[in-house]
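This briefing covers the ligand site and the aromatic pairs of one protein model. The sequence and structure come first.

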Amino acid sequence: MADSSQPVPPAPADVEATQAISGGQKIDPWNVSGEVGEDGKVKAIDYQKLTNEFGTSLIDDKLLERWEKVTGHKPHRFMRRQIVFSHRDLSLILDRYEKNEPFYLYTGRGPSSDSMHVGHTQVFDFVKWLQDVLDVPLIIMLTDDEKFLFSEKRTVEEVIGYSKTNAMDIIAIGFDPKKTFIFSDFEYVGGAFYRNIVRFSKRVTYNTAKAIFGFDGSSNIGKIHFASIQGATAFATSFPHIFGADEKRVAGIPCLIPCAIDQDPYFRLTRDAAYGLRYAKPSLIHMRFLDALQGPGSKMSASDANSAIFLSDTAKQIKTKINKYAFSGGQETLEEHRELGGNPDVDVAYQYLQFMMDDDEELARLNREYRSGELLTGEMKNICIEHLQKYVTGFQERRAKVTEDVVNEFMATRPLEWAGNPKVPRADLVVPVKAEGGEQKEGGEAGDGKLSKNAQKKLLKEQKLAQQKAEKEAAKAATQAST
Ligand code: TRP
């Protein structure tokens with residue numbers, strides 16, 4: 001039960017890693033760069049090393065086989081190619097899917113500017129695929145407060161504006177409005193969510209925050225507290241309009257968090273807090289970054305126009321950027337290239353194709369022919385340009401259809417509809433789960449873990465009430481804002 005006044009077992013050792021500084025590479029929520037070699041050049045990020053350092057698990061063939069068996073879907077190309085390379089407790093989510101027990105997907109974005117690039121959309125593309133395959137609720141958090149707290153310059157009004165435009169970009173990925181709730185912190189913090197934020201914050205000391213995130217005496221206290229907000233979104237009880245208001249029942253519903261690996265420190269902390277609060281621990285799957293045009297070892301950056309392909313770029317801009325800036329793994333001259341062959345591992349055009357080209361055989365052919373010198377850098381770049389142009393044009397077409405009304409629909413506090421595993425009937429939204437350490441027997445179970453008719457009715461009523469309350473609060477906030 002979510003009550004921090006109760007004695008709680010000691011936390012397991014999830015929170016032992018300090019900042020990830022492994023052999024010179026630096027990956028944390030604010031820095032992403034590879035090790036600097038003796039030649040002064042930045043090396044590619046060593047993801048295997050990162051996995052060891054963070055204490056996460058690699059996604060191996062066995063897990064992928066199980067994924068396919070349980071979901072009936074071939075793993076996404078990101079999973080097949082170790083782009084989604086690491087996880088925490090993914091198998092627990094598969095266990096739940098197998099029995100059609102509820103869980104949700106949670107991901108987010110820090111709205112730092114209006115210009116999103118293709119590096120930002122990769123995780124969301126993957127999340128959309130997960131939502132299509134798993135048919136579960138998805139919660140997308142926009143951390144406008146974070147982007148205010150962590151910037152010298154940005155104003156509150158500015159980041160709230162970015163939340164809106166970024167939500168439009170995210171919606172254009174193609175999420176299903178019936179199953180997706182998008183919220184901005186400045187709008188949604190309050191009620192059940194705030195109760196969890198405060199419970200979370202009570203369980204984290206300054207020393208722990210310092211050790212995990214590297215804060216010091218000069219860090220503003222908002223930064224130190226922020227982890228509680230990002231963390232509390234991983235608790236189903238923060239969303240009564242989706243899961244119902246009975247905290248005891250909902251406490252056992254976990255989420256699966258697809259995120260870039262730099263966000264792991266937040267969720268390491270969250271898993272510990274969940275344990276203490278007797279909430280289900282979130283599971284995670286980690287994705288690696290899309291390289292900057294300049295090459296592996298850094299990621300695309302919104303503040304450097306020549307490092308990234310933006311979602312607003314024209315076909316011509318894409319072509320020019322790739323031809324001019326994309327780091328090549330080819331040789332200096334045509335003769336040398338034919339003789340020695342190129343290196344696709346550092347070739348940016350090939351790296352982007354790994355993300356975008358679905359056909360495994362075609363990709364393997366490009367790899368082979370590039371290495372042998374048969375395929376030239378210019379040819380690789382042309383194939384990459386075509387894929388990128390198609391990707392960005394498709395995005396722009398969908399984006400043009402996202403209106404203000406559509407945004408309001410996604411961001412309204414309302415119940416969601418989903419079915420989960422089609423092979424297993426889902427008696428109801430919430431299957432009561434025994435949280436770790438606590439016994440949780442409440443009236444309403446039909447003995448088989450499913451809810452009785454009455455309990456179902458009660459739950460629906462609770463959801464409706466929570467929704468009405470949320471709507472009333474929103475209306476009240478709106479009138480207050482306008483007076
Ligand atoms: N902190 C993230 C950022 O700056 C945003 C975020 C919040 C997030 N919750 C998340 C990202 C969950 C991935 C998963 O972009």
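How many aromatic pairs does the structure hold? The structure holds 28 of them, where rings of Phe, Tyr and Trp (its six-membered ring) pair if their centres lie within 6.5 Å. The model is predicted: local features need pLDDT of at least 70, side-chain atom pairs count only at pLDDT 80 or more, and totals for chains, interfaces and linings use all residues. Residues are numbered from 1 along each chain as its sequence is written, and side-chain values use heavy atoms, with hydrogens and water left out.

**Aromatic pair**
- The ring centres of Phe124 and Phe175 are 6.4 Å apart with planes at 80°, so this pair is edge-to-face (planes over 60 degrees apart).
- Distant parts of the chain are linked by this pair: Phe124 is in helix H5 (residues 118-134), and Phe175, 51 residues away, is in the loop between helix H7 (156-171) and strand E8 (180-184).

**Ligand contacts**
- The ligand is surrounded by 14 residues (a heavy atom within 4 Å), and the closest are Tyr106, Gly110, Glu146, Gln230 and Gln263.
- A backbone N or O atom of Gly110 is 3.0 Å from a ligand oxygen atom.
- Nitrogen atoms of the ligand lie 2.9 Å from a polar side-chain atom of Glu146 and 3.0 Å from one of Gln263.
- The protein buries 90% of the 370 Å² that the ligand exposes when taken alone (Shrake-Rupley method, 1.4 Å probe).

**Shell make-up**
- Strand E6 (104-109), helix H6 (144-149) and strand E9 (255-260) are the elements that give two or more residues to the shell.
- E6 supplies the largest share, four residues.
- By class, the shell has five nonpolar, six polar and three charged residues, with Gly counted as polar.

How values were computed
A polar contact is a pair of N or O atoms within 3.5 Å; within protein, one must be able to donate a hydrogen and the other to accept it, and residues adjacent in sequence count only if both atoms are side-chain atoms. Rings of Phe, Tyr and Trp (its six-membered ring) pair if their centres lie within 6.5 Å; planes under 30 degrees apart count as stacked, over 60 as edge-to-face and the rest as tilted.
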